[in-house]
Amino acid sequence: MSGFLQQCFNGLVSGGFYALLALGLAVIFGMLGVVNFAHGAFFMLGAFGAYVALAEFGVPFWAALVAVPALLFLFGAVLERTLIRRLVPFDPLYNFLLTFGLTLVLQDLVKREYGVQSQPYPRPAELSGSLDLGLFDYPAYQVFVLAAAVLLCLAVWLILTRTRVGMVVRAATERPELTRALGVNVGRWVTPVFAFGVALAGLAGVLAAPMRAVNPLMGADLIIAVFAVVVIGGLGSVFGSVLAGFAIGLVQSLGNLYVPALSQTLIFIIMAGVLLWRPAGLFGREEART
Amino acid sequence: MIRLFLRHTEPAGRRPLRYLLLAAGLLLALALPWLIYPPVAMDIASWALFAAALDLLLGYTGLLSFGHAAFWGTSAYAAGLIAIHSGLPFPVAVLGGALLAAALAVPIGYLCVRNSGIYFAMVTLAFAQMIYFVANQWRSLTGGENGLQGIPRELLGLDLSDPFVFYYAGLPIVLLGLWGLWRIVHSPFGHVLVAIRDNPARARAIGYPVERYKLLAFVLSAALSGLAGGLFAISHGFASLQEVNWTTSGKAVMMVVLGGIGSLWGSTLGAALVVQLEDYLSTAGFDGIGIVTGTVFVLVVLLFRQGLWGAGRQLGAAAGRARRRRPKPPAATEAAPVPTPTTREEAAWTPSPRG
């Protein structure tokens, strides 16, 4: 029983990463109509940012948790202003291709500098022990990551549904022209929303650094799984993406326990099933498909 | 639509330029291993077929598949395994690989063609990743991270291990594949694909079963990608996980976009350039090839979306207009300003379905 619960916890922790990345993808897609291939590369940059900050400048984890996403926010803003924006009027596939090219560049830049082997990153001292969760002990850091992922998703959810900014973003997502016609300056929000999504991926990367291998390829493998998560949840549905993220993490981890042969392919099998049953995803709208 | 059909049913024989181009292309293909390092020539040939097969979907059906490595790679493994275990001549092994790729494309395509646009790209990418994981885990068959080694290259007892010789053994398969693609593109079926690309709702309203056409295009494209992948594996004597990796899918897309979407010539040209560039970088000892290819790709997507072939065609069209205009009095040209080369590409993804 405790083994089962522990595996559930593991699943929710990795689901937290799926959810954070899928959330950023969904928000960016909603606002710009862009599927950001480079999202995995930004995740990797976040983890490497934390590693470099500690190894070269002695910046501790907690400072990196704030500084690295802030830097990536700036990076994302610059990217949106200089590159992404130019292709938004055209077929959205062009931006998919553009961010694919960016992924190759970022990944190989990091690979050239640090090689393909994984870099170690210690857990912060405050979270190095384990917590007694009643039935079993669980590493304190993982508990922190799960709590952080849930709180971040909740915070974004509250921003989107309860604030004026969120209202504008949601309206612009649903009907950009109408929102503009009502006098809302939609363009003003495009850069911050894109940069926010990038920063969120970076934050997930910093969170991943102490518990996953920090290497240049960590993002690429993850992002394709996140694409499957987004397809399952429904492209453009923030709620669906987050929910699917946690659910897939959980299912994948239980699959690991019971059918280890399928551990890596399970997510794609689920995606195939969802596509058969609901081609637009569990929470997606039909119009997002074309 | 009618205009489109009329344009395509014009007899090709009226265009001597096109035959000249074809002859030049064939001559270049035959001379290639004399001009460059023979293994690279074979790589160019395989990738050219792969890129052209991908363009059948991207350029002519309007579907961006970001998961064609699944078919290229599956066939690479299958052709390798057939060649190793059966000792059959290599064209049979390559054909076997292509058939397996086509068989794999049926269920994947069935699930994917219900979506289009960006959704299609993501779903194909995800399924290709699934094939990657299967290849990675099925070590007894694929050799896992070590790859499948020692694939023989022989044909009816002839030893073809010399890359120079093998090029001429493999080239007919590539040319056959390209010819097949040309026939598909210029057949009534190909024109229906173009109609679906330009206006799926209208094609459906006319009565074409859009999904079935897309699926058939997907399977044909996968089979020809498989033909290319099997040939590639046999020419290297080796099939690795790289063949099913997402970067391989991306590389093929890169070739098509660089060469010009919606043109078989363009895809071939793009393949030659990308393979040559990567070969140049790796022999120069540069260990960040993605930095260069990625930057080139970003620039192409930003500034040069019609691709090399598209740009060439625009230039040719502009020159043609200038020539036709010359006999007219100057007043006429002033009254009717020269229309800028069409930018329909921006809206409809591809300029023109000509091969």
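**Exercise 1. Work out how many residues of chain B are in contact with chain A, and which elements they come from.**

Step 1. Start with the rule: two residues are in contact if their C-beta atoms, placed from the backbone, lie within 7 Å. By that rule, 38 residues of chain B are in contact with 37 residues of chain A. Keep in mind that this is a predicted model, where local features need pLDDT of at least 70, side-chain atom pairs count only at pLDDT 80 or more, and totals for chains, interfaces and linings use all residues. Residues are numbered from 1 along each chain as its sequence is written, while chains are lettered from A and ligands numbered from 1 in the order in which they are written.

Step 2. Now find the elements, which are DSSP runs numbered from the N terminus: helices (H or I, at least four residues) and strands (E, at least two). On the side of chain B that touches chain A, two or more residues come from each of α6 (117-137), α12 (246-259) and α14 (289-303) of chain B. The biggest giver is α6(B), with 14 residues.

Step 3. Sort that side of chain B by class. Ala, Val, Leu, Ile, Met, Phe, Trp, Tyr, Cys and Pro count as nonpolar, Asp, Glu, Lys and Arg as charged, and the others, Gly among them, as polar. You get 23 nonpolar, 11 polar and four charged residues.

**Exercise 2. Describe how α3(B) and α12(B) pack.**

Step 1. Two packed helices are described by the angle between their axes and the distance between the axes. Axes are lines fitted to C-alpha atoms, for helices over the stretch in contact, and angles run from 0 to 180 degrees between N-to-C directions.

Step 2. Helix α3 (residues 38-58) of chain B meets α12(B) at about 75°, and the axes are 9 Å apart.

Step 3. Look at who meets whom. From α3(B) come W47(B), F50(B), A51(B), L54(B), D55(B) and L58(B), and they meet A252(B), V253(B), M255(B), V256(B) and G259(B) in α12(B). By class, that makes nine nonpolar, one polar and one charged.

**Exercise 3. Decide whether W309(B) is buried or exposed, and list its contacts.**

Step 1. Find W309(B) in helix α15 (residues 307-325) of chain B.

Step 2. Count neighbours: a residue is buried if 20 or more other C-beta atoms lie within 10 Å of its own, exposed if 12 or fewer, and partly exposed in between, with C-beta atoms placed from the backbone. W309(B) is buried because 23 other C-beta atoms lie within 10 Å.

Step 3. Skip neighbours within four places in sequence, and W309(B) is in contact with G259(B), G260(B), S263(B), W265(B), G266(B) and L269(B). Take G260(B): 49 residues away in sequence, yet 5.1 Å from W309(B), C-alpha to C-alpha.
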